[in-house]
Amino acid sequence: MDTHTTKLVVISLLLLLVISDHTRLMIQVHSYVPFCAYTYDYFSYCLDFLTGYHYKPGKKCCVHIVKLNIIAKHKKENPRLLCNCVEMMTRGYTPPILADKIQQLPLLCNTHLSFPISSSMDCST
């Protein structure tokens, strides 16, 4: 999926949220917009690795994971917000994110993940 198509998918998902639950979204949009913008810009560099197209994450992926970790540590609620953005970004993404690649990402980037991501994406915890 190219960058333009991925942007359209993210925008479409956000529009679906508006239509399905306007009140809840109005509360969340204030929190999600900056995080989802960062998430789209930063996390998208890792998708080729996480979906199995590449055998290791690229340098840009690792650099941007460090940036997302900094954002996650800035406020207590940020890890959950970033997780929700990743969930919106990757829901229905084809090919799907592979669980073993998620586990390899911190090791191969020589860092850790300060926000939860998984192949099933449950950000409620």
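The chain has six helices and zero strands, where helices (H or I, at least four residues) and strands (E, at least two) are DSSP runs numbered from the N terminus. This is a predicted model, in which local features need pLDDT of at least 70 and side-chain atom pairs count only at pLDDT 80 or more, while totals for chains, interfaces and linings use all residues. Residues are numbered from 1 along each chain as its sequence is written, and side-chain values use heavy atoms, with hydrogens and water left out.

From the N terminus on, the order of elements reads α-α-α-α-α-α. Of the 125 residues of the chain, 41% count as buried; buried means under 20% relative accessible area, exposed over 50%, and partly exposed in between (1.4 Å probe, protein chains only). Contact means heavy atoms within 4.5 Å. Among contacts between residues at least 6 apart in sequence, 77% join residues at least 24 apart.

### The nonpolar core

A nonpolar core is a set of buried Ala, Val, Leu, Ile, Met, Phe, Trp, Tyr and Cys residues joined through side-chain atoms within 4.5 Å. The largest such core has 23 residues, and those with the most contacts inside it are Phe-43, Leu-50, Ile-65, Leu-68, Leu-105 and Phe-115. At least two residues of this core come from each of helix H2 (22–43), helix H3 (47–50), helix H4 (59–74), helix H5 (78–90) and helix H6 (99–108). The largest share, six residues, is supplied by H4. In soluble globular proteins, nonpolar side chains tend to be buried together.

The buried residues of H4 are Cys-61, Cys-62, His-64, Ile-65, Leu-68, Asn-69, Ile-71 and Ala-72. In H5, 12 of the 13 residues are buried, so this helix is largely enclosed by the rest of the structure. Its buried residues include Asn-78, Pro-79, Leu-82, Asn-84, Val-86 and Glu-87.

The axes of H4 and H5 come within 7 Å and cross at roughly 130°; axes are lines fitted to C-alpha atoms, for helices over the stretch in contact, and angles run from 0 to 180 degrees between N-to-C directions. H4 is therefore oblique to H5, since angles under 35 degrees count as roughly parallel, over 145 as roughly antiparallel, 65 to 115 as roughly perpendicular and the rest as oblique. Leu-68, Ile-71, Ala-72 and His-74 of H4 make the contact with Asn-78, Pro-79 and Leu-82 of H5. These contact residues divide into five nonpolar, two polar and no charged, with Ala, Val, Leu, Ile, Met, Phe, Trp, Tyr, Cys and Pro counted as nonpolar, Asp, Glu, Lys and Arg as charged, and the others, Gly among them, as polar.

Phe-115 lies in the segment after H6 and is buried, with a relative accessible area of 3%. Leaving aside residues up to four places away in sequence, Phe-115 touches Ile-65, Leu-68, Asn-69, Ala-72, Pro-79, Leu-82 and Val-86. Phe-115 and Asn-78 are 37 residues apart in sequence, yet 7.9 Å apart in space, C-alpha to C-alpha.

Ile-65, with neighbours within four places in sequence set aside, is in contact with Phe-43, Cys-46, Leu-105, Thr-111, His-112, Leu-113 and Phe-115. Asn-69, found in helix H4, is buried at a relative accessible area of 4%. Not counting residues up to four places away, Asn-69 touches Thr-111, His-112, Leu-113, Ser-114 and Phe-115.

Asp-122 is also placed in the segment after H6 and counts as partly exposed, at 46% relative accessibility. The C-alpha atoms of Asp-122 and Asn-84 are separated by 8.3 Å, although these residues are 38 apart along the chain.

### Backbone features

Just after H5, Gly-92 takes a positive phi of about 80°. The peptide bond from Thr-94 to Pro-95 is cis, with omega near -5°, and Pro-95 belongs to the loop between H5 and H6. Asn-110, in the segment after H6, has phi near 55°, a positive value in a residue other than glycine. At 73% relative accessibility, Asn-110 counts as exposed.
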